[in-house]
Amino acid sequence: MSKIYYKSLEEIELIRESSMLVSKTLAEVAKVIKAGMTTLTLDKLAYEFINDHGAIPAFLNYNGFPNSLCISPNEQVVHGFPSGYVIQDGDLVSVDCGVVKNNYFGDSAYTFAIGEIDAEKQKLLEVTRRCLDLGIEKAVAGMRVGDIGFAVQQFAELNGFSVVRELVGHGVGINLHEKPEVPNYGKRGAGPKLEEGMVIAIEPMINAGVAGVKFHKDGWTVTTNDNKPSAHFEHTVAVKKGKAEVLSTFSIIEEVLQQNK
């Protein structure tokens with residue numbers, strides 16, 4: 001897909017509706033995710049919740065992907081299959097969700113800490129979240145895609161972590177994946193110019209160890225080369241003048257997590 005689709009204000013509202021349903025689905029995951037349950041259980045819950053709200057899981061059957069969620073524990077970076085894997089205390093579990101509603105897509109991801117996690121994992125979560133915020137700050141009209149990537153990369157590397165280069169953010173809305181690609185690394189002032197009407201998924205994938213990743217024979221699962229943990233946070237964002245508009249939210253997820261403490 002070579003062209004960038006510019007969205008009207010009406011289309012952005014429809015993308016917001018889909019993105020908020022993604023956030024609500026992730027909040028449903030937050031209500032139940034705990035040590036001792038399988039990742040497949042979470043996938044079934046998400047499938048039912050999305051369907052009950054008049055939408056379709058965007059990932060299900062996408063290029064043959066068999067599930068509604070991508071669930072990637074610990075050293076899995078992204079695109080993990082929900083399975084019989086039993087979640088353990090101390091795990092990091094990245095959950096990526098997309099929906100299509102009224103023909104428009106939303107996409108977001110959140111990495112959950114299960115029980116007590118060690119200091120390195122806690123720092124990885126905090127840095128990756130901050131990387132996302134810094135990237136969003138650059139998603140304004142007149143900036144360039146490279147400004148987003150530079151902001152993410154600089155903060156991750158200043159904190160001793162590394163940025164996955166083989167996987168990137170992307171345009172989203174009319175299709176699940178659109179132009180432009182939005183890498184989590186780059187040079188200031190480089191890449192496509194950001195303009196009003198663009199809607200992009202910004203999604204830092206940050207590794208505790210080396211940047212290199214391994215693609216598995218199943219065609220989907222991606223893990224870190226050194227088997228150290230990875231974290232992944234993602235928002236769907238509308239490019240605006242002055243300040244980007246985030247169309248998905250973490251607040252409802254984090255309200256649930258606070259209540260669960």
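Me: Which residues does Ile-200 touch, not counting residues up to four places away in sequence?
Reply: The list is Ala-139, Ile-148, His-170, Gly-171, Val-172, Pro-180, Val-182, Leu-194, His-235, Thr-236, Val-237 and Val-239. Contact means heavy atoms within 4.5 Å.

Me: Before we go on, what am I looking at?
Reply: This is a predicted model, where local features need pLDDT of at least 70, side-chain atom pairs count only at pLDDT 80 or more, and totals for chains, interfaces and linings use all residues. Residues are numbered from 1 along each chain as its sequence is written, and side-chain values use heavy atoms, without hydrogens or water.

Me: OK, the core. Which residues touch the most other members of the largest one?
Reply: Phe-112 and Ile-200, in a nonpolar core of 53 residues. Such a core is a set of buried Ala, Val, Leu, Ile, Met, Phe, Trp, Tyr and Cys residues joined through side-chain atoms within 4.5 Å. Buried means under 20% relative accessible area, exposed over 50%, and partly exposed in between, using a 1.4 Å probe and protein chains only.

Me: What does the second core include?
Reply: Tyr-104, Phe-105, Val-199 and Leu-247 are among its 16 residues, and it is separate. In soluble globular proteins, nonpolar side chains tend to be buried together.

Me: Switching to Ile-202. Buried or exposed?
Reply: Buried, because its relative accessibility is 0%. Ile-202 is in strand β9, residues 199–202. Strands (E, at least two residues) and helices (H or I, at least four) are DSSP runs, numbered from the N terminus.

Me: And what is Ile-202 in contact with, leaving aside neighbours within four places in sequence?
Reply: Leu-132, Gly-135, Ile-136, Ala-139, Ile-148, Phe-233, Glu-234, His-235 and Val-237. Glu-137 is 65 residues from Ile-202 along the chain, and their C-alpha atoms are 11 Å apart.

Me: What order do the strands take in the sheet that holds β9?
Reply: β8-β7-β9-β14-β15, an open sheet of five strands with antiparallel pairing. Its edge strands are β8 and β15 (245–246), and each of them pairs on one side only. Two strands pair if DSSP finds at least two bridges between them.

Me: How many bridges between β7 and β9?
Reply: Two, in the antiparallel sense, with β7 covering residues 169–171.

Me: Which helix lies across β8 and β9?
Reply: Helix α4, residues 145–158, at about 40 degrees to β8. Axes are lines fitted to C-alpha atoms, for helices over the stretch in contact, and angles run from 0 to 180 degrees between N-to-C directions.

Me: Where is the cis peptide bond?
Reply: Between Lys-179 and Pro-180, with omega about 0 degrees. Pro-180 belongs to strand β8, residues 178–182. Most residues other than glycine have a negative phi, and most peptide bonds are trans.

Me: Positive phi, then. What is phi for Asn-61?
Reply: About 70 degrees, and Asn-61 is not a glycine. Asn-61 sits in the loop between β1 (56–57) and β2 (69–73). Asn-61 is exposed, at 60% relative accessible area.

Me: What about Asn-102?
Reply: Its phi is near 50 degrees, also positive in a residue other than glycine. Asn-102 is in the loop between β4 (92–101) and β5 (104–113). That hairpin has two residues between the strands. Asn-102 is partly exposed, at 44%.

Me: How many bridges hold β4 to β5?
Reply: Ten, antiparallel. Leu-92 has Ala-113 in β5 as its bridge partner. Nine of the ten residues of β5 are buried, so β5 is largely enclosed by the rest of the structure.

Me: Last one. What is Thr-25 in contact with?
Reply: Ala-46, Phe-49, Ile-50 and Cys-97, leaving aside neighbours within four places in sequence. Thr-25 lies in helix α1, residues 9–32, and is buried at 0%. A polar atom of its side chain is 2.8 Å from the backbone oxygen of Leu-21.

Notes:
A polar contact is a pair of N or O atoms within 3.5 Å; within protein, one must be able to donate a hydrogen and the other to accept it, and residues adjacent in sequence count only if both atoms are side-chain atoms.
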